[in-house]
Amino acid sequence: MARFESLLDTLGGTPLVGLPRLSPTHDVRLWAKLEDRNPTGSIKDRPALAMIEAAEREGTLRRGSTILEPTSGNTGIALAMAAKLKGYGLVCVMPENTSTERKQLLQAYGARIVFSPAAGGSNEAVRRAKELSEANPDWVMLYQYGNPANAEAHYRGTGPELLKDLPTLTHFVGGLGTTGTLVGVGRFLHEAKPDVQIIAAEPRYGELVYGLRNLDEGFVPELYDASVLNGRFSVGAYDALRRTRELLEHEGIFAGISTGAVLHAALAVAEKAAASGKPADVAFVVADAGWKYLSTGAYSGSLDEAAERLDGQLWA
Amino acid sequence: MAVTVSIPTILRTHTGGEKSVEANGKTVLEVIDDIESRHGGLKARLVKEEKLHRFVNVYVNDEDVRFSGGLEAEVKDGDSLTILPAVAGG
């Protein structure tokens, strides 16, 4: 179907694309789910709309309400679009060390940005948002890290779409941030096809981001459910950039940097399967396209220089 | 050859400011014990009730040890072990 009543109705149903050039063998195949083909260009449109609709059903969100959300960018952009169409205000708490495109997009959609300090990354944004929520009890914090509607969006949408398009799926690899994608898709697949392996790829940032005052300020999203995962990789900027460029070079897909981290883990999984001689269909998530990261220099110059430019930035 | 252990900023008070230290051991716990024998105090920050601290992640060659045996996860000479505080994404 190519005709929709409104932009919000175009959510989901994203293409699953084979990667014949990057797949290790004919029997071990890689598949990319292009989540950049969502209304605001990222997978976060799914949880954003799901969280808003859940709050509308519960009656906490009414026309004219102000939404508050800690976000490193994509969730904020998705909420900003939906908020505009539905008549809500939006305040985003965002770490200052995110790409300039994210800030510009949020502002273009009319969101108000409250910046949190670079040191401590998203942990600080979460803390600041919780403070603002207490100080402004009429604001509605959707809180993607703990809102079940986040994982639910993937349980009902992303997961079933994957299995319908690829019934032979053996591995699913996704980025670990709020953990919503992996927990939601993972729960669905464990029920529908229990043998599927669920693998997480999380970004490994520069030291600044881990610069907490003490370990107990560490943060694990309330949604996180380790029992859904079979493995978890930590991927640094250099490997993420290298894979992002390979995806463009060999398969023509212009993805954001977090996708490179996910592809890095997907390739590790695929190569392990190939070495054991077992056929495999490894699907992974392209969370967004590369447009929002052009200013970081991710796609040009040497990998070492590009990785250095990302040091201290929240690139996923 | 030994295992190279990368220490996050917040725990470097226990390693005299060193970003990375060499250690020996066949499991994650043995490696932590080996560091503890030279840099007292680190273990108490990483291990609570015989388990990894909730807000600490440990990776052997970039794979989270919680999925490969936790503190008993196997470590080989030449491996890299990375300790990081848990942070939010999204």
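**Close-up 1. The contact between chain A and chain B in this predicted model.** In this view, 35 residues of chain A are in contact with 22 residues of chain B. The elements of chain A that give two or more residues to the side touching chain B are helix H4, strand E8 (197–204) and strand E9 (231–236). Of these, E9(A) gives the most, with five residues.

**Close-up 2. An exposed alanine of chain B, B:Ala44.** The residue B:Ala44 is found in helix H2 of chain B, which covers residues 42–46. B:Ala44 counts as exposed because 11 other C-beta atoms lie within 10 Å of its own, and the limit for an exposed residue is 12 or fewer. B:Lys19 is 25 residues apart from B:Ala44 along the chain, and the C-alpha atoms of the two are separated by 19 Å.

**Close-up 3. The open, parallel sheet of four strands in chain A.** Read across the sheet, the strands of chain A come in the order E5-E4-E3-E6, and their pairing is parallel. Strand E5 (112–116) and strand E6 (140–141) of chain A stand at the edges with a single partner strand each, so one side of each is left without a neighbour in the sheet. In general, strands of a sheet pair through backbone hydrogen bonds, and they may do so in a parallel or an antiparallel way. Strand E3 of chain A, residues 66–70, is joined to E6(A) by two bridges, and in this pair of strands A:Ile67 stands opposite A:Val140 of E6(A).

**Close-up 4. Two helices of chain A that lie across strands of the sheet.** Helix H2 of chain A, made of residues 74–86, lies across E3 and strand E4 (89–95) of chain A, and runs at about 170 degrees to E4(A). Helix H4 of chain A, made of residues 121–135, lies across E3, E4, E5 and E6 of chain A, and runs at about 145 degrees to E4(A).

**Close-up 5. The largest nonpolar core and one of its members, A:Ala266.** This core holds 126 residues, of which A:Phe172, A:Val173, A:Ala265, A:Ala266 and A:Val282 touch the most other members. Its largest share, eleven residues, comes from helix H8 of chain A, residues 257–275. Leaving aside residues up to four places away in sequence, A:Ala266 touches A:Leu30, A:Val173, A:Val282 and A:Phe284.

Technical notes:
Residues numbered from 1 in each chain as written. Chains lettered and ligands numbered in written order. Predicted model: local features only at pLDDT ≥ 70, side-chain atom pairs only at ≥ 80, totals over all residues. Pairing = 2+ DSSP bridges. Contact = placed C-beta atoms within 7 Å. Axes fitted to C-alpha atoms, helices over the stretch in contact; angles between N-to-C directions. Core = buried A, V, L, I, M, F, W, Y, C linked by C-beta atoms within 7 Å. Buried ≥ 20, exposed ≤ 12 C-beta atoms within 10 Å, placed from the backbone.
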